[in-house]
Amino acid sequence: MDTGLLVLRLVAGLLIAGHGVQKVSFRLGGGGLAGGTEEFRHDGFRGGRLTALAAGGSQVGAGVFLAAGLLTPMAAMAAMGVMTVASTVKWRNGLWVQNDGYEYPLVLVVVSAVLALTGPGRWSADQVLGLAGPPWWTGAAAVVTGPAAGLLTRMVLRRPAPSPGGAPYAPAAD
């Protein structure tokens, strides 16, 4: 079981971190911070650079911490939050990834939830630091709080639609 959790943490954590790197840099095929900013604006978010930095930073941090098995319930909570936001963006396209659907973010939410509920396993930073084996409610709280925070973030950062007959939305300069 510990080997399986290690592999799951490494693959999912590094993919989540890589997804964040793409939002804020030209590495891993990213469009740099300007590209990340434009992606968020295109997806209906306000906030520009700050939104791209917060999302990218959350993904990098959550992914690295998950991969290391460090503060696993909190890392999983952050990963679930940011990937829940990604799911809401892709929701209109349906489930399947070939249609730019929410399949991939959903898988990362579920994997993060599993890690929050099971813990990181014996081969983890949490184990080395004596943080492994938190009470069951810690994982359960992370599973509820992460997606809820993601949905709240989406509501707060959603750019208002233009009013009927009004001028189209023009984002403020950051």
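## Exercises on a predicted model

Asp 100 is partly exposed, with a relative accessible area of 41%. The model is predicted.

**Exercise 1.** Decide whether Leu 28 is buried or exposed, and describe its backbone.

*Solution.* 
- Step 1: find the residue. Leu 28 belongs to the loop between α1 and α2.
- Step 2: check phi. Leu 28 has a positive phi near 60 degrees and is a residue other than glycine.
- Step 3: apply the cut-off. Exposed means over 50%. Leu 28 has a relative accessible area of 58%, so it is exposed.

**Exercise 2.** Work out the surroundings of Gln 59.

*Solution.* 
- Step 1: Gln 59 is part of helix α3.
- Step 2: buried means under 20%. The relative accessible area of Gln 59 is 3%, so this residue is buried.
- Step 3: The Gln 59 side chain reaches the backbone nitrogen of Gly 20 at 3.4 Å.
- Step 4: list contacts, not counting residues up to four places away in sequence. Gln 59 touches Ile 16, Ala 17, His 19, Gly 20, Lys 23, Val 82 and Met 83.

**Exercise 3.** Follow Met 83 into the largest nonpolar core.

*Solution.* 
- Step 1: leave aside neighbours within four places in sequence. Met 83 then contacts His 19, Gln 59, Pro 105, Leu 108 and Val 109.
- Step 2: turn to the core. It has 25 residues, and Leu 66, Met 80 and Met 83 touch the most other members.
- Step 3: name the contributing elements. α1, α3, α4 and α5 each give two or more residues. The largest share, nine residues, comes from α4.
- Step 4: In soluble globular proteins, nonpolar side chains tend to be buried together.

**Exercise 4.** Characterise the largest pocket.

*Solution.* 
- Step 1: its volume is about 600 Å³.
- Step 2: 34 residues line it, and Phe 40, Ala 55, Val 82, Val 85 and Ala 86 are closest to its centre.
- Step 3: α1, α2, α3, α4, α5 and α7 give two or more residues to the lining. α4 gives the most, with nine.
- Step 4: sort the lining by class. There are 17 nonpolar, 11 polar and six charged residues.

How values were computed. Residues are numbered from 1 along each chain as its sequence is written. This is a predicted model: local features need pLDDT of at least 70, side-chain atom pairs count only at pLDDT 80 or more; totals for chains, interfaces and linings use all residues. Side-chain values use heavy atoms; hydrogens and water are left out. On a 1 Å grid over the protein atoms alone, a cavity is a set of points where a 1.4 Å probe fits but cannot get out, and a pocket is an open set with protein on both sides within 12 Å along at least five of seven lines; lining residues have an atom within 4 Å of a point. Grid points are joined across faces, edges and corners, and a volume is the space filled by probe spheres set on the points. Helices (H or I, at least four residues) and strands (E, at least two) are DSSP runs, numbered from the N terminus. Ala, Val, Leu, Ile, Met, Phe, Trp, Tyr, Cys and Pro count as nonpolar, Asp, Glu, Lys and Arg as charged, and the others, Gly among them, as polar. Buried means under 20% relative accessible area, exposed over 50%, partly exposed in between (1.4 Å probe, protein chains only). A polar contact is a pair of N or O atoms within 3.5 Å; within protein, one must be able to donate a hydrogen and the other to accept it, and residues adjacent in sequence count only if both atoms are side-chain atoms. Contact means heavy atoms within 4.5 Å. A nonpolar core is a set of buried Ala, Val, Leu, Ile, Met, Phe, Trp, Tyr and Cys residues joined through side-chain atoms within 4.5 Å.
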